[in-house]
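Please look through the sequence and the 3D structure below, and then read the briefing that follows, which is grouped by topic.

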Amino acid sequence: EASGARQVDGTYCWQRLLAYVAPMQPTPWGRRPPSFPACLPERPVQIEDRALTLEQLRGVCDFVKRLCKTEMLTYGASPHNDRLRRTGKSIKWTQVTQHEICSELIKKVIPRKHACSWMELVSQGRPQPGTFFCSHSWGESFRDFMATIERHARQQSHLRSLTYWICVYANNQWQLELGEHLADSPFFAALGKARALLVMLDKHAEVLKRIWCVFEMSTAVLNKKLSMQFWSPLGQVGTPLVTSGPIVQALEGMSVSVAQATNPVDKRQILNHLAGKPEMTGIVGEGSSKSLDPSLPEGDYEQRLLREHKPHFAQLDDSIKKASLAMLPCCVHEFSETQPRCRLEDPVMRGITLEQFRTFVMKCRQQSSLVEQTICKPWSGVFVDDVVDQVIKPWTAAGRCSLVEMFANGPQKPGTYFCFGFGTPFEEFVHAVEWHAESRLLAPDSALWIDAFSLNHHDDDEIYANTGVEESAYVRVIKVASAFV
C-alpha cells in the first residue's frame, strides 16, 4: 500500500512495487530494481548455458514465499482459472506451480518489449552451464519441486558450483523458440552439456505423463554418458523413504502411450521421433506456424502410430522403468488371498506396515471396476466401509481373520494409531495416510494401526468391544502407539 503500486482494479504495478520493495528485502536480482533494457546482457546467453545456481533458485523460492504470504501473488485471468473460479484470488504457497511463476512473476517482472529469460536477468548475463538438467512437470507444486532440489543438493559436494537447468527459467517466455527439429530444441542442447538428468517426481509422478519429459528421458537412455536419476521430495528413488508408495507404483506402470503435450504438434513430432519415423510426418508448415496435417486427424494418427510401433514403445517403457527402479531393494510384497500367513491373537499387534498398506491399495484399485459394479458407485465415491464389505471381508472369509494376518509373518507393533470414520471416501483416506507418512518421514516398514485392517471383521467381540471398553483393542493400542492421528 505504501508503494502506491495497487491499481484501481486491485492488481499491482510491478515496476513501482519492485522499486519500493527492493531496498528493504532481498530479491532475486539484488538490492536495486531491474531497469530495462540497461540490466540486460549485451548478447543473449546461449540457451544451454542458462542454468540457475542453487543460491539463485533459493532466491526465487524465498521471493515467491513472501509474495504468497502477503497475498500479492494472484491467479491471472485465463479460461482455465475462470473455469476453476479462482481468477484474482490469492495463490497459497502450497499450491503455487511453475505455471503461476511464469505468468504472474516472470512475465510481470520482465516486460515483453525487453524480453529475456529469467536466468539472464538474475545472472547479469554471465553464462552458467547446467550441471544437472531437471525434467519436471509445470503442474507440480513449486514447494515440492524445491524440496526435491534441496534433497538432491544435500547429497552433493561443492554447493557453490551446483547449477540446475530448468526450462521455466532458461527459456525466454515471451519469445519461446523450440527449433524446427527436436535436435534444435533448447532441451536437447542443454542435455548435451549436463552431467545428469534429474527426473523430478511429485506425489502423482505427473512428469511421466508429459511428452517432452519422455523425450528427455529417451535422450538419456540413448546417451550412455548421461546418467538418469529419479528424485522426489523424500529423496532419490530407492533410498529408505522411497522404496514403495504412489511414486514407485507410477514408475512401475509408466507408459509412453499416456503422455500428453500442451501443443498437439509437439506430441506428434516427439512420437514420430520416438518411433523412428521422420519427425515432420503428419505436420505441415514451419517454425511457429507448424500445425497438424488436416488429412491425419489428431488422436487417430497417434493411436495408429502407437499400435504399429508397439514393440518399440514397450522397449522404451522398459528402459525407463529399469533405470528408475534399479536402486530398489529386491523384495516381494507377499500377500495371501486365501489363508492367513500367521495368527495374531492380540489385535493390538496387528499393525499394517506402509508397504503392506500400499500393496493393498494397489490391489483395491486393480479391482475397482468389480467394486463399482457391485455397489453401483464410481470408484471416487467408494467409502472405507464399502472396501471393508466388498474387498476385505471376502478376502478374509476363508481364514476368518484380519487383513493384517494375510500379510504379516509375525507381530507388527504399531507406531501410529489412525482414528477415522468408515464413511470417509477411501481415496481421501489413502491420500491422508500418504501425506502423514511424508510429513513424518515414515519408512516403508513403519506399522500403522487402522481398525479396518487390524480387526477381525468375522469376530463380533473384537469389532464391538464386547470384552469391555478398557480391554478393547481401541483403548489398549493408544497405550502402545507413539502417535495418535
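Y164 is found in strand β3 (residues 163-165), where strands are DSSP E runs of at least two residues, and helices H or I runs of at least four, numbered from the N terminus. This is a predicted model, in which local features need pLDDT of at least 70, side-chain atom pairs count only at pLDDT 80 or more, and totals for chains, interfaces and linings use all residues. Residues are numbered from 1 along each chain as its sequence is written, and side-chain values use heavy atoms, with hydrogens and water left out.

**Around Y164**
- Y164 is buried, with a relative accessible area of 0%, where buried means under 20% relative accessible area with a 1.4 Å probe, protein chains only.
- The side chains of Y164 and H152 are joined by a polar contact of 2.8 Å, that is, a pair of N or O atoms within 3.5 Å, of which one must be able to donate a hydrogen and the other to accept it.
- Although Y164 and F132 lie 32 residues apart along the chain, their C-alpha atoms are separated by 4.9 Å.

**Strand β11 and its partners**
- From strand β11 (residues 447-450), A447 and W449 point one way while L448 and I450 point the other way, and all are buried.
- In a regular strand the side chains alternate between the two faces of the sheet.
- Strand β10 (residues 416-418) runs parallel to β11 and is joined to it by 3 bridges, where pairing requires at least two bridges found by DSSP.
- Within this pairing, Y417 has W449 as its bridge partner in β11.

Definitions and conventions
Buried means under 20% relative accessible area, exposed over 50%, partly exposed in between (1.4 Å probe, protein chains only).
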